[in-house]
Amino acid sequence: MLSNLMKVHHAKQTARKERQEKKKREAIISATALTHALVDHLNAGVANAYVNQKKLDTETKILQANATQFSKQTAHCELNTVYVGSRISIEVKVFCLPHDT
């Protein structure tokens, strides 16, 4: 009788340990899958930020080139402002001298 109780108890313990191990393996697999999903999501965000930064760098270079070109063009210009009588209106004339490009 006592040996039967020991066998039943041992079988229940073994079954419980196997269930715990199975749940542990499932938890590890789930945690690994979650980690991979989070890393992939983060990498996508980083890649998007990198692409946006490259676009900003390109646009900044174009803007700088345009500003430099505009500055060279306007360096040869003379602004002539004429006030017309006591009116509030202002007439503005811009004369640009020929220049080498």
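Analyst: A residue counts as exposed when its relative accessible area is over 50%, and as buried when that value is under 20%. Lys23 has a relative accessible area of 58%, and is therefore classed as exposed. As to its place in the fold, Lys23 belongs to helix α1, which spans residues 2-74.

The model is a predicted one, and the confidence attached to each element deserves attention. Helix α1 has the highest mean pLDDT among the elements of the protein chain, at 93. The lowest mean, 55, falls to strand β1, formed by residues 77-83. For the protein chain as a whole, the mean pLDDT is 83, with 73% of the residues reaching 70 or more.

The architecture around the patch can be stated briefly. One helix and two strands make up the secondary structure of the protein chain, and their order from the N terminus is α-β-β.

Met1, Leu2, Leu5 and Met6 together make a nonpolar surface patch of about 530 Å². Of these residues, Met1 is located in the segment that precedes α1. With a relative accessible area of 79%, Met1 passes the 50% cut-off and so counts as exposed.

The protein chain contains 101 residues, of which 0% count as buried. Its accessible surface amounts to about 9500 Å², and carbon and sulfur atoms account for 62% of that area.

How values were computed: Residues numbered from 1 in each chain as written. Predicted model: local features only at pLDDT ≥ 70, side-chain atom pairs only at ≥ 80, totals over all residues. Heavy atoms only, no water. Helix = DSSP H or I, 4+ residues; strand = E, 2+ residues; numbered from the N terminus. Buried < 20%, exposed > 50% of the residue type's maximum accessible area, 1.4 Å probe, protein only. Areas by Shrake-Rupley, 256 points an atom, 1.4 Å probe, with all protein chains shown as cover. Patch = residues over 30% accessible without salt bridge, like charges linked within 9 Å, V, L, I, M, F, W, Y side chains within 5 Å. Salt bridge = Lys/Arg side-chain N within 4 Å of Asp/Glu carboxyl O. pLDDT = per-residue confidence, 0-100.
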